Structures are given as C-alpha cells and as structure tokens.
Amino acid sequence: MMNPEAKTFYKSLKHIVGPMALQNLISAAVSTVDIIMLGYLGQTSIAASSLAGNIAFILFMISTGLSSGLIMLSAQYWGKKDIDSIKTLFGIGLRICCSIEIFVALVAAIYPKILMLIFTNDAELIEEGCRYLRAVSFSYVCLSFSQMFEAGFKSIERVKIVTVSSSTALILNICLNAVFIFGLLGFPKLGIVGVGLATSISRCIQMTICLVYARMQKDVRFSVFCVFRRNKLLTKDFFKYSLPAVGNELVWGAAFATYSVILGHLGSDIVAANSVVSTIRQLGLVVCFGMAYGGAIVIGKNIGEGHMEVAERNAARLAKSTILSGVIGALFIICLYPVMPYVAELTETASHYRNIILFINAYATIGAAVNTVLICGIFRAGGDSRFGFICDTISMWAVSVPLGLIAAFVFKLPPLWVYFILYLDEFEKMPFIIRHYKKRGWLKNITRDIETVEKSLE
C-alpha cells in the first residue's frame with residue numbers, strides 16, 4: 001500500500017513529467033521524420049545536416065545549462081513563493097543566453113564554412129552543411145528566447161504551456177519540411193535548405209507562443225523587460241549555480257560533438273548510420289529525461305519549502321522510477337531493429353554499421369538513465385551542479401575522447417570499434433556518481449531570505 005507522501009510525489013511527478021515526456025517524444029519523432037525525409041535527398045544530405053546540426057546541439061547544451069541554473073534556483077524560490085526573485089533570475093538567464101546565441105547565429109549566417117570545417121574536411125559535406133546553416137541560423141535566436149521562457153514556466157510548474165509551444169513548433173516543422181523538401185503547395189523543392197528554413201519558421205512560432213502566454217499570466221509575468229532587472233546577490237548566485245551546469249552541458253555536448261568529428265573523419269557511412277540511430281535513441285530516452293528534469297522541479301520545491309527529509313525520500317523514488325524507464329527504453333530500441341531498414345535508405349556498409357550501433361545505443365541508454373537522473377535531476381535540485389561538471393570533464397575529456405582519438409587515428413581501428421569505445425563513457429563515471437549520491441552532499445537549500453535579497457538591489 002503506497003503511503004500518502006509517495007502518492008503526493010508521484011502525482012506531482014506525473015503532472016510535470018507527462019507533458020515534458022510528450023514534448024521529448026514529439027521532438028524525437030520530428031528528428032526521425034527529418035531523417036526519413038532527408039533520405040529521399042540522399043545519404044550526403046543526411047550526413048551534412050547531422051554534422052551541421054552539432055552547432056545547434058552545442059547551443060542547446062549551453063541554453064540547457066542556463067535553463068537548469070534558472071530552474072535550480074527558481075524552483076526553490078517557488079517553494080518559498082518569492083516571485084520577485086524568480087523574475088530577476090529569469091532576466092539574468094535571458095540576458096546571458098540571448099547574447100551567446102545571437103552571436104553564433106550571425107556567424108552561421110555570414111560565414112558558415114568556418115563552423116563546418118570543425119566537423120569535417122569532406123568538400124561535399126561542407127557545401128551542403130553551409131547551405132543548411134544559413135537557412136537555420138535564425139532559429140538559434142528564437143530558441144534562446146523560447147528555452148529561457150520555457151525554463152521559467154517549468155520552474156513554477158506551468159509545464160503544459162511548454163508542451164503546447166514546443167509541440168506546436170515541432171509538428172509545424174514536420175509539415176514545413178514536407179512542403180519545402182518535396183515542393184508541395186506550389187513551393188519549389190528546396191532540399192536541405194528547406195529543412196533549415198522549416199526549423200527557423202517553427203522556432204519563431206514557438207517563441208511567439210511563449211511571449212503571448214507570458215503576457216497573459218497574472219501571478220508570475222515573465223517579460224523580455226526582465227533583462228533590465230538587477231540584483232547583485234541573485235546575479236552572484238545565478239553564476240555560482242548555473243555556470244557549473246552550463247559547463248557540464250557544454251563539456252558533455254562538446255564531447256559528443258567531438259565524437260562526431262572523429263566519426264566524420266572515418267567516412268560518411270558511419271556518420272549516416274549514427275544519424276539514423278541517434279534519433280531512435282532519443283525515442284528511448286524521452287521518459288527518462290522527462291522524469292529526471294521534471295523530478296528536479298518537484299524535489300527543488302520540497303527543499304525550498306524546508307522539507308529536507310521529504311526531498312531525500314522523493315529523490316530515491318525518482319531514481320528508481322527513472323532507471324526503470326531506462327531499462328524499458330533500451331528494450332524499446334532493440335525492438336525497433338526489424339524496422340530500421342525502412343527508416344532511411346543507406347549504403348550496404350552504412351546499413352551494417354547501423355545494425356550494430358543500434359545495440360550499442362541500447363545498453364548506453366541504461367547508463368544514460370542512471371547518470372542523468374542523478375546529475376541533472378537529483379543533484380541539481382539541491383543546487384549541486386559542480387559535481388556533474390567535474391565528473392563529465394574527467395570521464396569524457398580525460399578518458400573517452402583521448403581513447404577515441406587514439407583508436408581512430410593511431411591504431412586505426414575499424415569505425416565500429418571506435419564507436420564502441422566512445423560510447424563507454426556512461427559507465428566510466430557511474431560508480432563515482434552513485435557514491436556521491438549516497439553521501440547526501442547534494443541536499444541543500446540555496447535560497448536567500450527576501451529581506452537579504454531586497455538589500456542587494458543594484
């Protein structure tokens with residue numbers, strides 16, 4: 001018989017995780033549809049868009065880190081019902097995020113070749129990737145606004161609008177992809193440029209929905225004018241807790257981008273195979289990520305309310321539930337093996353790579369579930385973003401990336417062996433993460449008294 005405390009937790013978790021998991025599912029489904037549609041354009045378009053997409057991936061990691069810092073602090077202040085501090089923290093995050101992504105958008109629009117050269121030396125892939133980057137560059141600006149607004153909504157448990165905005169944008173992206181790739185409704189066939197253009201338009205709609213919803217709110221009204229709010233103490237706290245989260249996401253994202261660089265120099269077959277399977281892996285992880293990030297909001301609110309023991313028990317419940325979802329996700333990935341040949345048309349070599357990579361990603365999903373719920377969910381709920389940053393930096397940059405480079409360019413191992421070595425990273429760090437969880441050092445209230453915050457106004 002489930003006790004009332006557990007019932008309350010799972011009810012809150014369901015309220016938050018359901019919409020977030022649906023959002024992740026639609027996002028992964030859109031990526032899958034993109035791959036299927038690009039398959040009609042050829043393997044070169046798949047590989048080029050995958051490599052160019054690493055730019056958006058890195059920016060997404062930066063904004064995710066900033067969003068995590070915002071949610072980390074705001075969820076606890078939401079437990080205290082300190083609305084003014086929440087709005088100030090939102091403005092700080094918005095100011096930083098937009099500055100970074102607008103700069104990268106300008107580079108992608110004006111001189112995309114310098115970005116493509118990071119990932120490949122294949123002239124054909126560079127040319128296709130540059131066309132894509134010019135078309136998709138505006139989406140980076142829209143994404144920075146929408147992600148910070150959505151993070152603000154999540155921190156105060158308004159997750160349904162996040163699902164509505166992102167789902168609307170993603171479904172629109174599918175429709176526009178079809179229109180621009182195949183030349184429907186009288187539009188010319190734009191190929192890979194159409195994919196980038198569809199992304200920019202859909203992200204613009206997503207940003208618009210966030211802005212309109214924010215203006216309709218009465219209790220916590222987020223606004224672009226929040227960027228002008230100043231508070232020395234909250235700014236210090238935001239940097240203290242968000243920078244390690246940004247560093248963590250950036251280190252993790254840059255490492256995965258480096259994996260793509262290594263694979264990109266091993267030929268288009270392994271790149272295309274990885275592009276197809278990575279979308280399937282996203283489908284297997286939608287519930288895991290929804291539970292990890294959604295659970296962080298629930299636990300953070302518990303801590304902000306001062307219920308530390310409740311937060312600790314809820315963290316254990318969150319960990320067990322997320323790991324179970326990871327096992328189910330891994331089985332789901334394996335079950336998709338028979339349909340893989342129908343997802344995208346690949347060469348014989350790329351198809352062979354894809355089949356093996358699918359199983360590698362299945363076991364990696366379980367490791368990702370364990371590490372994500374602890375680092376991005378439980379630790380960050382208690383304000384501990386530093387440990388994950390240190391752990392990922394060591395495991396990925398001192399172990400996985402060097403081993404991958406040595407395997408690929410020194411020993412010149414076959415591409416599949418290089419891939420296998422790269423994707424052991426989740427299990428290299430897992431023992432240290434579990435040990436840190438059991439020590440309970442992550443369980444902290446990081447909010448300030450309202451009087452103290454008011455005294456530090458700039």
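Student: Is Lys 412 buried or exposed?
Tutor: Lys 412 counts as exposed, at 62% relative accessibility. Exposed means over 50% relative accessible area, buried under 20%, and partly exposed in between, with a 1.4 Å probe and protein chains only. Bear in mind that this is a predicted model, where local features need pLDDT of at least 70 and side-chain atom pairs count only at pLDDT 80 or more, while totals for chains, interfaces and linings use all residues. Residues are numbered from 1 along each chain as its sequence is written, and side-chain values use heavy atoms, with hydrogens and water left out.

Student: Where does Lys 412 lie?
Tutor: Lys 412 is in the loop between helix H13 (386–410) and helix H14 (415–422). Helices here are DSSP runs of H or I with at least four residues, strands are E runs of at least two, and both are numbered from the N terminus.

Student: And what's the phi of Lys 412?
Tutor: Positive, about 50°, although Lys 412 is not a glycine. Lys 81 also has a positive phi, near 60°, and is a residue other than glycine.

Student: Which loop holds Lys 81?
Tutor: The loop between helix H2 (43–80) and helix H3 (83–110). Lys 81 is partly exposed, with a relative accessible area of 48%.

Student: OK, zooming out. How many helices and strands does the chain have?
Tutor: The protein chain has 16 helices and zero strands. Its radius of gyration is 22 Å, close to the 23 Å that the globule rule gives for 458 residues, so the chain is as compact as a globular protein of that length. That radius is taken over C-alpha atoms, and the rule is 2.2 Å times the number of residues to the power 0.38.

Student: What does the C-alpha trace span along its principal axes?
Tutor: About 65 × 45 × 40 Å.

Student: How much of the chain counts as buried?
Tutor: Of the 458 residues, 59% count as buried. The accessible surface comes to about 18900 Å², and 67% of that belongs to carbon and sulfur atoms. Those areas come from the Shrake-Rupley method with a 1.4 Å probe, and for residues only the protein chains shown count as cover.

Student: What about contacts between residues at least 6 apart in sequence?
Tutor: Among those contacts, 85% join residues at least 24 apart. Contact means heavy atoms within 4.5 Å.

Student: Give me a buried example. Which helix has Gly 367?
Tutor: Gly 367 is in helix H12 (residues 348–381), and Gly 367 is buried with a relative accessible area of 0%.

Student: What is Gly 367 in contact with, leaving aside its neighbours within four places in sequence?
Tutor: Glu 426, Phe 427 and Met 430.

Student: Where is Ala 381?
Tutor: Ala 381 lies in helix H12 and counts as buried, at 2% relative accessibility. Leaving aside neighbours within four places in sequence, Ala 381 is in contact with Gln 76, Ala 296, Ile 299, Gly 300 and Ile 303. From Ala 381 to Ala 368, 13 residues apart along the chain, the C-alpha separation is 18 Å.

Student: Switching to cysteines. How many disulfides are there?
Tutor: A search of the whole structure finds zero. A disulfide is a pair of cysteine sulfur atoms within 2.5 Å.

Student: Last one: how far apart are the mean positions of the positive and negative charges?
Tutor: They are 6 Å apart, for 40 positive and 29 negative charges. Lys and Arg count as positive, Asp and Glu as negative, and His and the chain ends are not counted. Each charge is placed at NZ of Lys, CZ of Arg, CG of Asp or CD of Glu.
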